[in-house]
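Please go through the structure shown below with the following briefing beside it. The notes are grouped by topic, from the contact of the chains to the elements within each chain.

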Amino acid sequence: MSEEGKILLQIEHMKKSFDGVEILKDISLSVREGEVVSIIGPSGSGKSTLLRCATMLETMDGGTLSYLSEKAAYEENGRCVYAPKAKLKEIHKNFGLVFQNFNLFPHYSVMKNITDAPVVVDKVPKKEAEERARKLLAQLGLSDKADAYPCQLSGGQQQRVSIARALALQPKILFFDEPTSALDPELTGEVLKVIKELAREHMTMIIVTHEMQFARELSDRIIFMEQGIIQAEGTPEEIFHCENDRVREFIGKFQS
Amino acid sequence: MTLSTILLQLMKGMGVTAEIFFLTLLFSLPLGLLVAFGRMSKNGIIRTVSKIYISVLRGTPLMLQLIVVYFAPFYVFHLKVGNYRFPAIIIAFALNYAAYFAEIYRAGIESMPVGQYEAARVLGYSRLQTFVRIILPQVIKRILPPVTNETITLVKDTSLAFVLAQAEMFTMAKQIAAKETSIMPLMIAGVFYYLFNLIVATVMERIEKSLNYYK
């Protein structure tokens, strides 16, 4: 674990309810540069909600969210306040998100899926964006798919394209929301391989996953969530040999 | 009257019919999008007004709307507007078709998976960029079949302009038929409408095919 890396993401006392049901009860979490953090836990434990609040797809009800010490949301007089739009736009550039069901743009070619946001949002010259995209595609083993459309690709290829799309904006931290849950075991392998390569390059990543073995091999830290709180947190060895009954029971189900 | 004069007269009427058709599309397609936005607005007043607009314009006869639009300036406001016939027709048609198009747009927009919006948002697109670059192109593909339907109906509906004695094809055909005591001009008009719609359907099919490169 790179203890010296600066803190990229800091979440303090994050709370979120939907229709009066508390999904996140009091989540505090900080992630340093170069760290790979996996979040595991049963369905409905709030893992995805945590990711969606951290990426600002959902607004949180309370607590603090900051990227590189810049506060995106904080509490003021007991209410959660978000930073002004312009500042949020800057903060947004820090992170990328890979979805469970890819959410590629079907009317754009693979190349355009990857280059459109850099060109339109970040005003990167088109040539440069395409250069960047080609490098990413080569790195992810998709060089021959630049002109294909998402519907012509397998699920694994689509997910790799969506990883390339997120990386093209050069985020400092990349979130994955169950990136392989929509894939069969074979395709899962090719996506996990790509994520492992990113880890080797010290990409900072937060991964919500049900792939226990993968989380164990790859993570610097594993977080076990249940009922909206972090029940246990530690290195893979600590979590896999945890004394906590619930953690043991949960992990045991995957190892049998 | 010889057959060639009849044809010539009908062709002239056809020109006016085509004018009504294209001008109606030109105004009602964007207006429909605006109404669709109103219909989906977070603002309750805008939403209600749009809803009433759609309800009334779809719920009353187009022929009646034509007459109201044409005569309202005089009967309601006591205004004398010179040569208002053609503009009145275009206004009534555009208002009426916008209501139908609005519902088609709305259906298309609401059918878009939320994941497309979320992906665009995480990538940093603004709301306008998301709509123009990501949502609208996909919505157009989805709504093309119902839009084709409306467009074909519009070709035939242009004949309603006869209530304001506009010299479009149907009015011409009826006049000539009465004068010549022959059903022939009406039959020819029918063929012309059919051919017009054949072209419309073919063009729309081409556009649909050109968007078939993705699913």
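Two residues are counted as being in contact if their C-beta atoms, placed from the backbone, lie within 7 Å. On that basis, in this predicted model, the contact takes 20 residues from chain A and 17 residues from chain B.

**The side of chain A that touches chain B**
- Helix H2 (85-92), strand S7 (95-98) and helix H3 (110-120) of chain A each supply at least two residues of the side of chain A that touches chain B.
- H3(A) gives the most to this side, with 3 residues.
- By residue type, the side of chain A that touches chain B divides into 11 nonpolar, 6 polar and 3 charged residues.

**Chain A as a whole**
- Chain A holds 9 helices and 11 strands, and its C-alpha atoms fill a box of roughly 50 × 50 × 40 Å when taken along the principal axes.
- A compact globule with 256 residues would have a radius of gyration near 18 Å, and chain A, which has 18 Å, therefore agrees with that expectation.
- Buried residues make up 44% of the 256 residues in chain A.
- Among contacts in chain A between residues at least 6 apart in sequence, 63% join residues at least 24 apart.

**Strand S10 of chain A and its partners**
- Strand S10 (residues 221-226) of chain A is mostly covered, since 5 of its 6 residues are buried.
- Strand S3 (residues 36-40) of chain A pairs with S10(A) in the parallel sense over 4 bridges, and within this region A:Ser38 has A:Ile222 of S10(A) as its bridge partner.
- Strand S11 (residues 229-234) of chain A pairs with S10(A) in the antiparallel sense over 5 bridges, and A:Glu226 stands opposite A:Ile229 in S11(A).
- The hairpin of S10(A) and S11(A) has 2 residues between the strands, and in this hairpin A:Gln227 takes a positive phi near 50°.

**The helix pair of chain B**
- Helix H1 (residues 3-39) and helix H2 (residues 44-59) of chain B pack at an angle of about 130°, with their axes 7 Å apart.
- The contact is made by B:Val35, B:Gly38 and B:Arg39 of H1(B), together with B:Ile46, B:Arg47, B:Val49, B:Ser50, B:Lys51, B:Tyr53 and B:Ile54 of H2(B).
- The residues of the contact of H1(B) with H2(B) divide into 5 nonpolar, 2 polar and 3 charged.

Key
Residues numbered from 1 in each chain as written. Chains lettered and ligands numbered in written order. Predicted model: local features only at pLDDT ≥ 70, side-chain atom pairs only at ≥ 80, totals over all residues. Nonpolar A, V, L, I, M, F, W, Y, C, P; charged D, E, K, R; others polar. Buried ≥ 20, exposed ≤ 12 C-beta atoms within 10 Å, placed from the backbone. Pairing = 2+ DSSP bridges. Axes fitted to C-alpha atoms, helices over the stretch in contact; angles between N-to-C directions. Rg over C-alpha atoms; globule rule 2.2 N^0.38 Å.
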